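Keep the structure open while you read.

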Protein chains: 2
Amino acid sequence: MMWFVVSSALLALVFASFLAYFVVKQDPGSKQMRDISSAIREGASAYLKKQDSTIAIFFLVTFVIMLFLAYFHLMNWSMPFLFLEGGFFSGLAGYVGMSIATLANVRTANAARKSLNRALQIAFSSGAVMGLSVVGLALTALSLSFVLVAHIYGVSAATGALFAFGMGASSVALFARLGGGIYTKAADVGADLVGKVEEGIPEDDPRNPAVIADNVGDNVGDVAGMGADLYESYVGSLIAALALGFATFKTMNAILLPLSIAASGILSSIFGFFFVRSNERANQNSLLFALKKGTISASLMIAFLAYLFVRGFGFSNSLYLVILLGLLVGVFIGWITEYYTSSGYKPVKALAKSSLTGAATVMIEGLAVGMLSTFWPVVAISVASLLSFYMSGGAQNFNAGLYGISLAAVGMLSTLGITLATDAYGPVADNAGGIAEMSGQSEKVRKRTDALDALGNTTAATGKGFAIGSAALTSLALIATLKTIFPQVSIEILNPNVMAGLLIGAMLPFLFSSMALRAVGRAASAVVDEVRYQFKHLKLLSGKNKPNYARVVSITTGSAQREMILPSVTAVLSPIVVGILFGPSSLFGLLAGALGSGFVLAIMMSTAGGAWDNAKKFVEDGNHGGKGSSAHSASIVGDTVGDPFKDTAGPSLNILIKLMSMVSIVFAPLILKLALMH
Amino acid sequence: MMWFVVSSALLALVFASFLAYFVVKQDPGSKQMRDISSAIREGASAYLKKQDSTIAIFFLVTFVIMLFLAYFHLMNWSMPFLFLEGGFFSGLAGYVGMSIATLANVRTANAARKSLNRALQIAFSSGAVMGLSVVGLALTALSLSFVLVAHIYGVSAATGALFAFGMGASSVALFARLGGGIYTKAADVGADLVGKVEEGIPEDDPRNPAVIADNVGDNVGDVAGMGADLYESYVGSLIAALALGFATFKTMNAILLPLSIAASGILSSIFGFFFVRSNERANQNSLLFALKKGTISASLMIAFLAYLFVRGFGFSNSLYLVILLGLLVGVFIGWITEYYTSSGYKPVKALAKSSLTGAATVMIEGLAVGMLSTFWPVVAISVASLLSFYMSGGAQNFNAGLYGISLAAVGMLSTLGITLATDAYGPVADNAGGIAEMSGQSEKVRKRTDALDALGNTTAATGKGFAIGSAALTSLALIATLKTIFPQVSIEILNPNVMAGLLIGAMLPFLFSSMALRAVGRAASAVVDEVRYQFKHLKLLSGKNKPNYARVVSITTGSAQREMILPSVTAVLSPIVVGILFGPSSLFGLLAGALGSGFVLAIMMSTAGGAWDNAKKFVEDGNHGGKGSSAHSASIVGDTVGDPFKDTAGPSLNILIKLMSMVSIVFAPLILKLALMH
């Protein structure tokens, strides 16, 4: 069975390589286009290199601490190494995604000169490279490490040790999401504020020194950051299911089931890939349908395969329904996200209308929409976790119920290969549009890349639904795993240590978001200063001098790196500090509180940001006065505030709540030893 | 002992009457001033009458339901009546406060023509009328009802039945805070947007038809709303302490202690009142010192009296320290609130500076400040609740520890008489300024009222600190009381019912805030439409026609009333619905989740709103370009968004979390009977 899992994972990597080859062999277009593309590529690589060296320091310090702990028998020797491994593959997944994206952007732009369908194929293939690499790398590394560690330390210790792998993956994800998010927003603000607003030149104008940094940002934030993020979600859901499964049933089948579901998901994703195609006269709807065909076929396929495995391993039909439920809830949350963020529905239309009365009403309405949008996802996850628990027999066997919850998360993320593909293709299309503009392509070409880009914004909502929903379910499963380590600890809500932890936990996502928002602000003003300086001293408007793109890229990189450290380290340290000061009971309170408020705040920020973005686009499409009207200015304020909400703070919170749980699990023995209260 | 409690409470009422008499006999000034004042007075009365009739319907329906439940032995017969009583006295406290405030405003304005100290005396006396009426009415009604019900049903049933009293008080408070908050912000936006921005006339210009409604708003929101709010906090903290005390120790001393502390607090407040005076050459700092002398003397006095009572009732010294701790934490949170919202410190200065780069950066920075400001209050409350628990012997006797937490809340609110006085005097000074402006007083008079007003903004921060801090501690105590009703129910965090409740609970404050924000928006646009209409059709700018003030007042009243219903009813019903659908375990999760996220969100919204307000004032004082600069416009956007944050949604959340707990306690037997899951 393990062979099936590993070969499916390897198949994903082989298929991804094949797609990468297909992308690379496409015509990269004119010299001008290639030059622009390689500038973006170099900027993105430079950023990742810098980021990797920052992360390396964090990993080195943590690795040494973990070696000490292993020496003092506070963890087993495999864990420091698994931590490094988890981090390494997370970084690798991001790197692969970003590499192919920066190769695909120019080729998509060039293909758009000839045909819409051709451009879609290239962009979507590069997205699929990313999607399949993420799931392929994650499943290969995870299952091989498990086999190896289980061989040395036994199965039970191995399921525990894997949390070090997860902690590595989550740490990289938090750094990448946060650093990438800060980078992309700082560059965006710098380019827009000085270029568009102050100097009055259009978007992606080559005279703007921040234009390359802006395009680099799409890659390091939306591609590499998101890749690491979903890699982390995928890994987190799997290791929680493995640990809970073995703790409950003490059988290999309980471990093999989640792995097989993941492996079937990979096969299903590859199957679904072949259904994604469009024709030349495609409009927005038929393009969307083309992508949906892919995800729907993959979902049908996994629904079939999952049944075989659940029955084959001797589990009950209701466990199969739990996995399906997970899948459906992910789709449902995605649909809700789409409803609140797409300009086709009431909320965004009302938000666009509120721009008629100024920036203040846009802000209030946007925040209200974000807050309102939390209702259904929270209800869906609450009901799904209850149903999963009881359908998996939780009433008779408590841990079996918790295992069910973790399987729902695995089910939700099983088709990640293809959902991530539809998500990751967006920034490629966005970049292709930028390259088309900078290289002066015709209106028709730009229209095609715009159509692909707009589509990406819609499919991104679905991806976010899965990321948010799985984060909540996985966190729940992780807290449950922590309890198997501390079976004696009181976790009653009224225990004052639990309650104190809960209050502090509920506050942490706010503290973290505050830091993230300010970090974007500071990084952006550094970029703004530099861009203003170049416009003034190099007299860029005249077009005589070439802007110094590289300097803007390097300044943005530096700021993003500095700014990502404090919030990330706070996140990692807080469970250890609270656990030691207030005892293990507080730790559970902390994690539950952070899950509760972090989950809600993440949805609110992501949705509000998406709604503001699309409300602005709706106004720009000629509504309420269109471009240049006072409504447009008001809607731009909303969009600017929404950017760090949806691309920096919001998605980081999903990682934060899981990372805090994994840190707690990995450092549990240390916390127990040093705790001042019990 | 009960005589001491009741006579202290009655003394507060007597002293309040004496102060009211002092205020009334002051010279109300010229005919023009009296006319303006009586227009405000009539508007405020009309609003309260309308609000009372809306609330009456809610109370009638709930009363009938409660009678049914009493008939089916699901509560005792005293409870429906206690519910009415609690609501009635809450409304009365708000009414008294508003009546004296609308009499004091014109007298303060008139006194300011002669002397600053005289104006301070009148304004502060009217604040003290409010403060002492709130505590006097609450303590009288509560202790007499307790004696009566205990006489009929026994002490244990009586402590339980008092929660119906608390539920009545909290329901009125929520309606008043929300309705008043919607009213005051809708009128404010209507007056400012059309008057100041569109027509370019100054604040409080008598040609503006919304100018009376705007001044009415200060009274119904900041006076009546706040009065009902703190009445509710005071009642809540006392009944929780009574119930936990008797459940734990089964002695009358455990009941008499919190009541005596409250009674001593009243005596201390009256004592402190006599220290509040200033001289003619007072500046901002010496005025603030004048008020602080009052609260500090009251605190020293209660510190002395509390010791006598703790020892007299035979409790340990450490319980005395718990009460002091509560008092100190309230002061600390007030200080933190002041730090984050006063223009004297870094956060507001940085926020004002961010207005140089536009409205978007003002928004991001303000939200970040609000989020950051949650850190210390949450840590303070967490540590305080842990210390209170263990210092009261919670390690040996769990319930004794919880009783300690409730005593910390009682200690925090013990000097409410005088802290509320320093808080409630602010809107009177604000109104006095409005009347001075409208009646065309000299620059010197306006300067004096401005000085009093600015002072009010600072002291309001302290009042907010007490309201927020006590809300968290009281909620904790209320959840603990609920557990004494459901001793068998599992409240472990990992129980999926608890967790589902926790997630939904964490979402509710967001849902509620969303509704509140949108309600303000809708009410404001109704006002804007009317004001625009009047300016156009009555040609108000020319000054020939008199605006129809009454119509604006009536439209604002109507909208505020309609808009306050849905969020309030959602708050009341959600614990019952969740309790029935998901079982009593979920109820605990719901309350803990709502406490966690509601507490943090309330601080965030209140602080961000206050910071935006003062950042705008800081710019208006001539910084960053001063009035009319683009920085000023940007700071106005922040202030406009902040208004419903700090005056509508934020403070309502404090009430919401307590009301939900009280509803759960009162309807516990019903929920237990109908619950679908156990």
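Ala, Val, Leu, Ile, Met, Phe, Trp, Tyr, Cys and Pro count as nonpolar, Asp, Glu, Lys and Arg as charged, and the others, Gly among them, as polar. Keep these classes in mind for every tally below. The model is predicted. It holds nine cavities of 30 Å³ or more.

**The largest cavity**

- The largest cavity contains about 70 Å³ of space.
- From chain A, its lining includes Leu367(A), Met371(A), Leu601(A), Met604(A) and Phe645(A).
- From chain B, the lining includes Leu367(B), Met371(B), Leu601(B), Met604(B), Met605(B) and Phe645(B).
- Sorted by class, the lining has 11 nonpolar residues, no polar ones and no charged ones.
- Four helices each give at least two lining residues: H11 (359-372) and H18 (584-620) of chain A, and H11 (359-372) and H18 (584-620) of chain B.
- H18(B) provides the largest share of the lining, with three residues.

**Helix pairs in chain A**

- Two packed helices are described by the angle between their axes and the distance between the axes.
- Take H5 (residues 155-198) and H19 (residues 630-666) of chain A: their axes come within 9 Å and cross at roughly 165°.
- Angles over 145 degrees count as roughly antiparallel, so H5(A) is roughly antiparallel to H19(A).
- The crossing of H5(A) and H19(A) is left-handed.
- Their contact involves 17 nonpolar, seven polar and five charged residues.
- Now take H16 (residues 496-537) and H17 (residues 549-582) of chain A, which pack at about 170° with axes 9 Å apart.
- That angle makes H16(A) roughly antiparallel to H17(A).
- The contact of H16(A) with H17(A) has 16 nonpolar, seven polar and four charged residues.

**A helix pair in chain B**

- H3 (residues 78-112) and H6 (residues 211-249) of chain B pack at an angle of about 145°, and their axes are 8 Å apart.
- The crossing of H3(B) and H6(B) is right-handed.
- On the H3(B) side, the contact residues include Gly86(B), Phe89(B), Ser90(B), Ala93(B) and Gly94(B).
- Also on H3(B) are Gly97(B), Met98(B), Ala101(B), Thr102(B) and Asn105(B).
- They meet Asn219(B), Val220(B), Val223(B), Ala224(B), Ala228(B) and Tyr231(B) of H6(B).
- By class, the contact of H3(B) with H6(B) has nine nonpolar, seven polar and no charged residues.

Key
Residues are numbered from 1 along each chain as its sequence is written. Chains are lettered from A and ligands numbered from 1 in the order in which they are written. This is a predicted model: local features need pLDDT of at least 70, side-chain atom pairs count only at pLDDT 80 or more; totals for chains, interfaces and linings use all residues. Side-chain values use heavy atoms; hydrogens and water are left out. Axes are lines fitted to C-alpha atoms, for helices over the stretch in contact, and angles run from 0 to 180 degrees between N-to-C directions. Angles under 35 degrees count as roughly parallel, over 145 as roughly antiparallel, 65 to 115 as roughly perpendicular and the rest as oblique. A crossing is left-handed if the near helix is turned anticlockwise from the far one by less than a right angle, and right-handed if clockwise. On a 1 Å grid over the protein atoms alone, a cavity is a set of points where a 1.4 Å probe fits but cannot get out, and a pocket is an open set with protein on both sides within 12 Å along at least five of seven lines; lining residues have an atom within 4 Å of a point. Grid points are joined across faces, edges and corners, and a volume is the space filled by probe spheres set on the points. Contact means heavy atoms within 4.5 Å.
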